[in-house]
Amino acid sequence: MTKKTDRPIRGRKPLRPPTPIAVVGIIFTVLFTAMSIYLCRYAYVNRQTMMSNSYNNRQRILLEQNERGTIYSRDGDALAVSEVSEGGDEERYYPYGELFAHAVGYATKGKSGIEAMENYYLIRSDISLSEKARYADEGRKKNPGNSVTTTLSVPLQEVASKALAAYRGAIIVTDVRTGEILAMVSKPGFDPNHVDAEWNSLIADDEDAELLNRASQGLYPPGSTFKLVTALEYIREYPEDYGAYHYQCNGMFKAGEETIHCFHGESHGSLDFYGSFQKSCNSSFANIGMQMDRGDFGRTLTQLLFGSKLPVDFPASVSNAVMGPDAADGDVIQLSIGQGATAMSPLHLNMITQAIANDGVMVRPYLVKSVDSADGKTLVKEHAGEEIDRVMSEEEAAILQEMMVLVVNGGTGRRLSGLSYQAAGKTGSAEFDSGQKEESHAWFTGFAPAEDPAIAVTVIVERAGGGGEYAVPMAKRVFDCYFGVE
Amino acid sequence: MRVYLSEFARVGGALLLVLYVVFSYLVFRYRTEKKRKPFYVVQILLMIGIQGLLFLQMLLKTNDLRYLFFFAFQAIVILATIILYRVIYPDANLLIVNNMCLLLMISMAILTRLSGNKAIRQFIIALASLVIALILPELVLRFRILSELWWAYGLVGITALSFVLILGRAINGSNINYSVGGVTFQPSEFIKIVYVFFVAAALTRVEELWHILLVSAGAALHVLILVFSRDLGAALIFFTVYFMMLTIARDRYEYLLAGLGIGIVSCIVAYRLFAHVRARVAVFLDPWTSIDSAGYQVTQSLFGISVGGPFGLGLYGGNPSAIPFVEQDFIFSAIAEELGIVFAVALLAVCLSTAWMVFRIAEWIRDPFYRLLCAGFGIIYVFQVFLTVGGGTKFIPLTGVTLPLVSYGGSSVLATILMFGLVEGIVLIRAGEHKKAVERLRAVHESAGKRRAKRREDDEED
């Protein structure tokens with residue numbers, strides 16, 4: 001110890017144990033240190049959620065000081081701006097009206113979408129002190145809030161919205177390498193400019209549920225699109241022999257009490273593994289499901305994020321697909337074709353598609369590219385291509401890619417074939433019980449170009465019918481727009 | 001210009017306080033007040049600087065020039081107090097005086113912001129308390145507190161607490177105030193001091209085991225009456241102080257462990273028995289589900305703490321009045337919100353350094369009674385800080401005690417200043433001990449020197 005004290009050094013003393021008073025002092029020092037660390041951590045970690053809590057009236061203080069920041073598309077088009085009237089009242093204006101209703105959201109009535117997610121930054125102004133002084137000198141009452149640049153593309157969003165037309169459903173388009181969400185449409189929509197006026201009809205408990213973002217919060221039976229997952233598990237369990245698979249389809253498959261039929265009662269005849277996928281043969285896939293280890297299948301589902309919260313910054317529903325060693329035969333065959341209790345969100349299906357296109361690595365989808373102050377400082381930059389997990393091997397991804405190309409070129413996704421780009425995908429027609437008659441949701445999920453995937457598109461059209469007839473043409477319009485095909 | 005100035009006042013205030021904290025720990029490197037003196041002088045300058053910046057923030061926000069006058073007046077009072085202390089008691093410990101004055105100044109600034117009237121009332125009471133505290137050390141030195149009167153201290157404490165309990169029942173309230181001549185008065189603040197007298201006096205006279213049992217029974221009676229008065233914060237303080245003082249008096253850590261064990265069991269029993277304890281714990285575990293009822297206070301406090309950021313929203317820049325009873329139980333959250341986390345944590349460090357100094361004084365004094373008394377005051381003070389800050393930040397369940405010297409409340413300020421006055425009295429006693437020891441040593445040296453000189457003379461003669 002070289003600690004300097006004015007105590008004369010009287011040679012070495014035996015080390016004395018601390019006195020009880022010192023121990024009491026130490027106890028309180030430890031308690032105070034722990035409390036201070038806790039305090040700093042708590043205040044830092046919760047600074048965003050606390051500010052946005054509707055019970056916190058301190059938001060008002062910031063609103064009085066700053067103008068709410070602008071939200072931009074990836075190309076710099078304003079999606080939400082604050083306009084100050086002559087009287088000094090601030091009004092939020094959404095130039096595209098209904099188009100970005102769910103993704104961008106609204107800034108009133110508890111807020112939603114990016115308006116809610118990024119509220120903390122939007123109501124703050126992180127311009128430099130000299131800028132603030134300049135604004136004060138100019139006699140301006142408010143400082144400009146921080147702006148948010150999203151990953152959304154106006155042309156893709158427009159084409160997706162037009163494609164979906166008057167149907168209920170959702171379309172989500174992502175960049176397969178980075179995870180950027182390029183378009184996210186949910187219908188029926190609403191006009192965020194009139195949320196306050198139309199609030200009562202919007203929250204009315206009816207089937208429209210306009211406020212629900214079907215792309216991330218909707219849960220639908222995945223139907224045949226789930227065969228991607230079933231196929232993955234089969235390849236995983238029979239890496240050498242899956243090519244030798246053979247099945248004779250007569251239009252139905254029985255296991256235990258349960259019987260399932262192929263779509264429209266069709267008989268597909270003699271099929272191998274690829275053919276079963278290409279023709280989307282329910283009976284063959286039920287047969288495949290029966291040949292697999294149920295415990296392993298369950299583990300694959302967990303790895304693919306079924307049953308867990310998706311790692312995104314906006315509200316998303318948890319998909320449900322259950323499989324385990326004790327599963328009954330009936331449940332196994334239902335699961336294998338994406339029926340029964342199985343339900344997933346379009347966002348989740350898009351993430352799995354994206355992982356296949358990205359050679360097995362699932363990346364985190366995100367909506368916000370950056371947050372910048374009005375004087376150009378970047379406050380937050382989202383990391384492109386943030387890896388969630390490698391959910392399948394490169395070989396497994398390659399086989400699934402190949403199978404998805406077959407679906408487009410000669411299977412249920414034929415309407416996407418023969419174009420300037422090679423698309424790959426899987427259709428689905430998810431049957432559900434509407435009470436009176438058998439109806440089905442039309443699904444498509446896929447990516448393009450197949451040789452070097454750029455974007456993944458997932459389409460769900462509620463109660464439309466077959467995926468091949470309804471969902472595929474919509475996806476085609478999105479791909480066409482992206483690849484500049486007229 | 002205004003923008004720059006207010007930013008300067010906001011960040012500067014916090015940074016000056018951090019600097020102040022550095023000095024309040026640096027003084028521990030030196031054993032004598034003489035060597036610490038330069039640090040104290042810097043601290044006083046920093047103190048005035050901090051106060052100036054806090055009032056500048058208010059001036060800029062409100063354009064009210066009266067704040068300049070407030071600042072000047074308070075600065076003069078504080079300077080006068082410190083100089084008077086220094087002149088009257090050259091041996092006094094100035095860190096305690098400095099810290100006390102700093103905390104009072106911060107209190108004045110934040111109370112002025114929250115409620116002008118309350119700030120003025122608090123200022124008058126603080127002023128009167130400081131005058132009393134100026135006389136108190138001399139009284140302690142002259143008349144000595146008698147440890148023989150341990151039974152009397154106990155009797156006074158128990159009687160006063162019972163009185164409070166019975167009257168509290170009669171008026172059907174748990175938070176007991178008495179209005180005497182328009183001044184509200186909280187007896188439990190003063191009973192704390194008498195209680196420390198009782199425990200210190202009784203424990204120094206302990207010779208056999210049954211003595212300990214008797215003293216413990218007396219302490220337990222205090223605690224039980226407080227529990228029945230529903231004053232759980234005070235009960236917890238009395239309980240903790242007792243076991244820590246017992247450990248110090250007997251120099252055995254078994255008592256600390258025993259206290260911990262009994263404490264845990266008592267908490268469980270209290271949880272089972274009392275609905276209001278369960279309610280407090282439920283709010284601690286999850287204040288969010290009851291955000292508009294039981295959890296309102298704590299969640300508003302948490303908002304305050306979280307929105308300020310490192311340097312706060314500035315005085316008059318936030319909304320601390322959203323927290324119910326902010327001037328009493330949640331003053332720390334108001335400070336964190338408007339003056340920032342850096343300032344708030346530095347404030348905690350100031351409180352801790354005060355306790356360190358009180359403990360160090362206790363360590364050095366030889367007289368076992370004063371030693372115990374001094375340590376007891378230190379524990380009471382620092383534990384109270386821990387309970388109120390921990391409760392307001394959801395580090396521990398809320399117990400509803402005030403932040404000494406900073407919260408609004410005349411009784412609390414008076415009692416705390418009295419306590420530090422007593423500690424300064426003990427410092428004087430210690431200085432007397434020291435002088436005697438030095439004289440004795442000098443006498444020994446002198447006689448030894450004479451003998452040596454004599455021997456040398458004898459040698460030369462040979």
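Predicted model: local features only at pLDDT ≥ 70, side-chain atom pairs only at ≥ 80, totals over all residues.
Biologist: Which element gives the most to the side of chain A that touches chain B?

Modeller: The contact takes 34 residues from chain A and 40 residues from chain B. On the chain A side, the elements giving two or more residues are α1 (20-45), α2 (47-52) and α7 (129-137). By class, that side has 19 nonpolar, nine polar and six charged residues. The top contributor, with 15 residues, is α1(A).

Biologist: How many nonpolar residues are in the contact of α13(B) with α14(B)?

Modeller: From α13(B) come Phe332(B), Ile335(B), Ala336(B) and Leu339(B). They meet Ile341(B), Phe343(B), Ala344(B) and Leu347(B) of α14(B). No polar and no charged residues take part; the nonpolar count is eight.

Biologist: Which strands stand at the edges of the five-strand open sheet in chain A?

Modeller: The order is β8-β7-β19-β18-β17, with antiparallel pairing. Each edge strand has a single partner, so one side is left without a neighbour in the sheet. The edges are β8 (181-187) and β17 (424-433) of chain A.

Biologist: Which helix packs on this sheet touching β17(A) and β18(A)?

Modeller: β17(A) and β18(A) pair over ten bridges. Helix α8(A) touches β7(A) and β8(A). The helix touching β7, β17, β18 and β19 of chain A, at about 30° to β18(A), is α18(A).

Definitions and conventions: Residues numbered from 1 in each chain as written. Chains lettered and ligands numbered in written order. Contact = placed C-beta atoms within 7 Å. Helix = DSSP H or I, 4+ residues; strand = E, 2+ residues; numbered from the N terminus. Nonpolar A, V, L, I, M, F, W, Y, C, P; charged D, E, K, R; others polar. Pairing = 2+ DSSP bridges. Axes fitted to C-alpha atoms, helices over the stretch in contact; angles between N-to-C directions.
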